[in-house]
Amino acid sequence: MRENSPTTLAALAPLTLAALGVVYGDIGTSPLYALKEVFHAGHLPASAENVLGVLSLIFWTMTIIVSLKYVLLILRADNNGEGGLIAMLALATTAVKDRPALRRNLMVVGLFGTAIFYGDGVITPAISVLSAVEGLEVAAPGLHNFVVPITLVVLTGLFAVQRFGTGGIGKFFGPITLIWFAALVALGLPHIIENPAVLVALNPAYAASFFINQPLVAFVALGAVVLCVTGGEALYADMGHFGKLPIRLAWYAVVMPALVVNYFGQGAMLLLTPEAVHNPFFLMAPDWAQLPLVILATAATVIASQALISAAFSVTKQAIQLGILPRMTVRHTSVRDTGQIYVPFVNWGLYVFIVLAVAMFRSSSNLASAYGIAVTLDMTITTVMTFYVLRYGWKYPLALCLLATGFFFIIDVTFFLSNLLKLIAGGWFPLVIGAGMFLLMLTWKQGRSLMRNRVRNDAIELEGFLEAVFTSPPVRVAGTAVFLVAEEGLTPNALMHNLKHNKVLHEHNLFVTVRNHEIPWVGFDKRLTMRPLGHDCWQVTLNFGFKNDPDVPEALRLLEGRGVPMDEMDTSYFLSRETVIPTFGAGMAMWREKLFASMHRNATDMADFLNLPSNRIVELGAKVEI
């Protein structure tokens, strides 16, 4: 054990540094706007009582939601080492698989949580970069009119370089973010030393007193206080990349102390200079440091935005694998790191809505009105999912599960209700985006289910069909035919069309079904199962997790040595290309069926998705009425 310690420690340091850049970019840049917006949004005077009460609320919000809920509880609920809402959804639905009605409801809730993530993904880069560039108003007030154009230039550059990947510059994210956290401490500490009385706000009695004396004002203020924990869900989402220990170490050793020092430094300054409330973060810095601070803050917010964009790509890929979204073009931007991907449709879709958000709201204070609803909804959904994992997955006693999650549920719902007050002022914006994504996800999932049912009802049982075929065998031609079929045991349309039109059968025939499981990874030892059907025909099932890259030719190479020849140049892949025909009936509403048909028609080719060689594919068409 002792011999392994140096290796473990040597691996821990770079992982912890990397986690700073990817996991904590969002929450690490919240001091730019969080405290400012509490006083702006709540129209609070910056009196000593209010400043201490708000600081106490911020400290205990970070402690309860991040330190206790995410770092101690949620990080335990890993799905084979992976985290994130989709991993949690897969865990929860698997835990209640013997309760179909509950599983269905959880799936809908989880789908909505995944959809609302895209709404959050629009607001985060917009408010982060905009709040950093707004530092120019402090450093050089004459540049006020250039804040929005500079923000749009920075964001345009960020999205334009996504197709090249972040492999080259990604190694600088951790060090730059570490410098950012050091700057947070350097800004806040002198003000705390100058006015150490601010540290009394560590006492939760100040938060309680703030609520007791001004309950309505305090409730409204919670809508802005929650900005100090936006990005907290990234701790769980990025667990698979870094592991629990580096994420926990980075939080307790670097991030939490730096955030507390900076927030309390802002508070100490406001106690002495209440008029600095319009931008306390940048006004903490001496005049000579303000312009360099704007540059560093912009770099930090770009890194935070990059982490969220990468997460959007990753979530989209996982959603495609689980059949929640239609197939899209997914490009790998790194040969060594398979996790580095680029999804063009998502990239430019996010960009359009982010530009729209910046152009519509025009300031971080206005954007703060749109921020919070999506975050608190996701936080609440994560807590609900955790309850079902604890209760039905891990079989913990009901009382313990309610105790572990009920406390956090009450806090999450309280923050959500406070944020609902911002609905008209801007909270509708991420909700509209989330609702649109939810509609697309639900339509795709239900449409696929209708298609499967129709194909299953019209299909012929494979073994009976082969038995009938071989009573009067067709001409056999050399080579191996791979017929892709949605469900095991059913006759693929491509086989029937091939026999009908070409009147031949290959020497070796594989009927391959690709199954995506609700676990992140499936190893090569469990990748493939096969069953002989006689006459040199086999039923083959390929298993992939939602983070695996489905590669059918690579998986079928595992058949070599089992009596199935897989010569690449002598293998043909037969696919059925279905055309969806919307019809009136018991399916979805006609407009949704037409939407599904359009999504199905515009989805990326199945051949590309399964990495089939383009020069070895035979596609045969079929119509499916839903």
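In the protein chain, 82% of the contacts with a separation of 6 or more join residues 24 or more positions apart; contact means heavy atoms within 4.5 Å. The model is predicted, so local features need pLDDT of at least 70 and side-chain atom pairs count only at pLDDT 80 or more, whereas totals for chains, interfaces and linings use all residues. Residues are numbered from 1 along each chain as its sequence is written, and side-chain values use heavy atoms, with hydrogens and water left out.

**Exercise 1. Describe the overall form of the protein chain.**

Step 1. Begin with the secondary structure: the protein chain has 27 helices and eight strands. Helices (H or I, at least four residues) and strands (E, at least two) are DSSP runs, numbered from the N terminus.

Step 2. Turn to the dimensions. Along the principal axes, the C-alpha atoms fill a box of roughly 95 × 55 × 55 Å. The radius of gyration, taken over C-alpha atoms, is compared with a globule rule of 2.2 Å times the number of residues to the power 0.38. For 626 residues a compact globule would have a value near 25 Å, and the 28 Å of the protein chain agrees with this.

Step 3. Consider burial. Buried means under 20% relative accessible area, exposed over 50%, and partly exposed in between (1.4 Å probe, protein chains only). By this criterion, 54% of the 626 residues count as buried.

**Exercise 2. Determine which residues touch the most other members of the largest nonpolar core.**

Step 1. State the criterion: a nonpolar core is a set of buried Ala, Val, Leu, Ile, Met, Phe, Trp, Tyr and Cys residues joined through side-chain atoms within 4.5 Å.

Step 2. Apply the criterion. The largest core has 173 residues, and Tyr-24, Trp-180, Leu-510 and Leu-556 touch the most other members. Helix 6 (residues 100-133) gives the most to this core, namely 15 residues.

Step 3. Look for a further core. A second, separate one of 15 residues includes Leu-499, Leu-505, Cys-537 and Phe-574.

**Exercise 3. Which backbone oxygen does the side chain of Gln-539 reach?**

Step 1. With a relative accessible area of 4%, Gln-539 is buried.

Step 2. Find the atom. The side chain of Gln-539 reaches the backbone oxygen of Phe-511 at 3.0 Å.

Step 3. Leaving aside neighbours within four places in sequence, Gln-539 is in contact with residues including Leu-462, Glu-488, Thr-513 and Arg-531.

**Exercise 4. How many disulfides does the whole structure contain?**

Step 1. A disulfide is a pair of cysteine sulfur atoms within 2.5 Å. A search of the whole structure finds zero.

Step 2. Cys-228 is buried at a relative accessible area of 0%, and Cys-537 counts as buried at 2% relative accessibility.

Notes. A polar contact is a pair of N or O atoms within 3.5 Å; within protein, one must be able to donate a hydrogen and the other to accept it, and residues adjacent in sequence count only if both atoms are side-chain atoms.
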